Every structure is written in C-alpha cells, then in structure tokens.
Amino acid sequence: MEIYNKKIGPNQPSYFIAEIGSNFDGDLTRAKELIKIAADSGADAVKFQHYTAETLVSDVGFKNLSSSVVTHQTNWKESVSSTYDKASLNKEWTQELFETAHQRGVSFFTSPYSIELVDYVEPYVDAYKIGSGDITYLEILEKISNKDKPILIASGASDLKEVQFAMDILLKKSSNICLMQCNTNYEGALSNAQFQNLNVITTFKELYPELIFGLSCHMPGWTSVLGAVSLGARVIEKHFTDDRNRVGPDHGFAINPKEWSEMVKETRLLESMLGNGIKVVEDNEKETSIVQQRSLRASRDIKKGEELTKDLIFSLRPCSSDGIKPYDLEKIIGKKLLVSIKKGEHFTLDTLV
C-alpha cells in the first residue's frame, strides 16, 4: 500500500495516523494548528470525520434507548444528537484542511458518514477510513470500494462474521486495504487492557495474508501500539489533542504531542529490534560467541599418532573459528592426531586423520 508517496508494508516503518476527530472544537484555525502540531510530533497522516447529526444518529432512537445501555455517551451533558451536531466538521473547510495537511507533508484522511459525503470528499482525501460503526453498513462499503483509493477499515465492536461480510464487499473491487483491530470503548482507562485482544491481528493475517494490518487504539499510553507492531500491525491510529483538559467528546482519551512523539520514538526503537526473523550470529555477538561457546579440547597432553577416545576430550570455552564444537564429538572419536598437542589445546579438523 502507498499513501501520498509513503509506502506501507511489512518491511516499512509503522504509519501513524493522528485522529483529530472533533478535537478542533468547531474552529478552522484550531483544526489547521492541530494538523501542524501532529506533523511536528511525527504523524504521517491526520484524520477528521465528515458527518451531520441528521445523517448519523436518530435523536428519537437515542432518547428511547434503554437506561441499561451505559457507554461514554451516557455522561454527555447534552443529547447525543446535539453533541454530534456541535462536534461536526464544516464540510466547506475540507479543501483547506487537505491543502494544509499536504503543506505540512502529511496525508489527509476522513471518515465520511453518509453516501453523499463519500462523493463530496473524494477530491480531497488520500485514503478513506471506514469507522468501526459502519462495518455493517454494506452500502457505504461498496460505494467507497469503487473509489479506487486506499481504504482503512476498523473492526471495533464487531465479530469475525461481520468483518468477513465487510471484507467480502471491499475485496470485490479493491485489494488496497488496511484491516485494523479496534476496541471501541472510549473511557481511556487502563482497566480496558484486557479487552484489546491484539492477537486478532494474527487471525486477520491468516485470513487475509495479502492485506496490510493496523490498530485503531483508544487506550491511554502506547503499550498496545508496541504490542500490535510486534504482531505485524503497520498502521496505527490514535486520537490526538494538544490538551486533554479541553471540553469535547474526544479530548479525554486522546494523547498529546509530547506523548505522540515518545510513542513514535519507542516504536522506531522496537522496529529496529524486530529484525527479519532469520536466526544468525549477529555482528555484535560474533566475538561473544567465541568466548562463550565451548570447543573440544585435550584433557591431557596427547602425542602424535594417538587415537582419540572420549576420556581424552573435554568441552571447554572458548571456541575459536577453527575449533570443533561439542555437537561434533562423535565425528572425532577414533581419529588419530597428526601432531602432538598439550592439555587444554583445542582440536582442529586439519590435524586429525
């Protein structure tokens, strides 16, 4: 996958998406400033959301929702519809935000939450992001799959059957897809660590080996990010703000610029540690292998022509490059020395016959 001249894949650095969401607080100038801060903090892309309350939620539906349904929205002071209405992005800003992102050297994404908005944002997005809430909205999946642009889809609050339904739709028209594990609890609490189920990434890799995989994360900190990258995720999305104390639906569980920079730094360190999976003696341990491994050595002075028996051989450190390792003991039993050697000296193949 390639997005705005950046390659994304197993042998590429992890790709970080700063989900600004509604954290611009209804202010275009602030939205542009958050793009700048995110870029300066190491983000590869910024993401917004395009919706209207009218095309996203049923005010009646939420008002009639059972009181037993308790989520992060329960604590909102205003109705769900009113909160979404105030948090929504003015679509007239889209081109300016897109251009600002490119001026800062980062990609611009959005999640369009209506069929009409999929068309509206098309000229201004480097990729489409499908939020977890729309994984069962097959009509919008089909619409996006026809746009010939990279697609990222989050899988929060869905089961494997629903993921497969969505992928069946998307894969008919596109293979340029990133499938993301996600847990859609927005409390920002460490107690939710047990529900992250990062090993789903491994399941996704087995089902769809040709795709790119990622993590859309709502946990505090970035332990989950490091775990996901270790399992093969190469796209990371986290909510971004410059101040968690600001009022708004997304600020509380977002991470700030200092934390973002540290997350990227630690991920790059982890990536340098992961390697290529081929087990070899690494360059920085070649000398260590000499002094730590054992080689076959004489247990006493041995004269030229003597036949080697097991009692004449010890396994002791070090093991120089021409030494014989203990696992080859049986290969030298019964051999005769072409030269005399002293106690403690190591045997070499070129002195045995």
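Author: What follows is a set of questions about the terms used for this structure, each answered from a value and a definition.

Author: This is a predicted model, in which local features need pLDDT of at least 70 and side-chain atom pairs count only at pLDDT 80 or more, while totals for chains, interfaces and linings use all residues. Residues are numbered from 1 along each chain as its sequence is written, and side-chain values use heavy atoms, with hydrogens and water left out.

Reader: What makes the protein chain more spread out than a compact globule?

Author: The chain has 13 helices and twelve strands, where helices (H or I, at least four residues) and strands (E, at least two) are DSSP runs numbered from the N terminus. Its radius of gyration is 29 Å, whereas the globule rule gives 20 Å for 353 residues, so the chain is more spread out than a compact globule. That radius is taken over C-alpha atoms, and the rule is 2.2 Å times the number of residues to the power 0.38. Along its principal axes, the C-alpha trace spans about 100 × 45 × 40 Å.

Reader: Why is Ile 177 called buried?

Author: Buried means under 20% relative accessible area, exposed means over 50%, and partly exposed lies in between (1.4 Å probe, protein chains only). Ile 177 has a relative accessible area of 1%, and therefore counts as buried. This residue is found in strand β8 (residues 177-182). Leaving aside neighbours within four places in sequence, Ile 177 is in contact (heavy atoms within 4.5 Å) with residues including Met 1, Ile 151, Met 167 and Leu 211.

Reader: How do you know that strand β5 is largely enclosed by the rest of the structure?

Author: Six of the six residues of β5 (residues 107-112) are buried, and therefore the strand is described as largely enclosed. Ser 107, Phe 109 and Ser 111 point one way from β5, while Phe 108, Thr 110 and Pro 112 point the other way, and all are buried.

Reader: What makes β5 a partner of β4 and of β6?

Author: Two strands pair if DSSP finds at least two bridges between them. Strand β4 (residues 45-50) and β5 pair in the parallel sense over six bridges, with Lys 47 opposite Phe 109. β5 and strand β6 (residues 127-130) pair in the parallel sense over two bridges, and here Thr 110 stands opposite Tyr 128.

Reader: Which residues touch the most other members of the largest nonpolar core?

Author: A nonpolar core is a set of buried Ala, Val, Leu, Ile, Met, Phe, Trp, Tyr and Cys residues joined through side-chain atoms within 4.5 Å. The largest one has 62 residues, and those touching the most other members are Val 46, Phe 48, Leu 97, Ile 153, Met 167 and Trp 260. Helix α1 (residues 28-40) gives the most to this core, with seven residues.

Reader: Why is Asn 5 called exposed, and why is Asp 25 called partly exposed?

Author: Asn 5 has 67% relative accessibility, and therefore counts as exposed. Asp 25 is at 29%, so this residue counts as partly exposed. Asn 5 lies in the loop between β1 (2-3) and β2 (6-7), and has a positive phi of about 70° although it is not a glycine. Asp 25 is found in the loop between β3 (15-19) and α1, with a phi near 55°.
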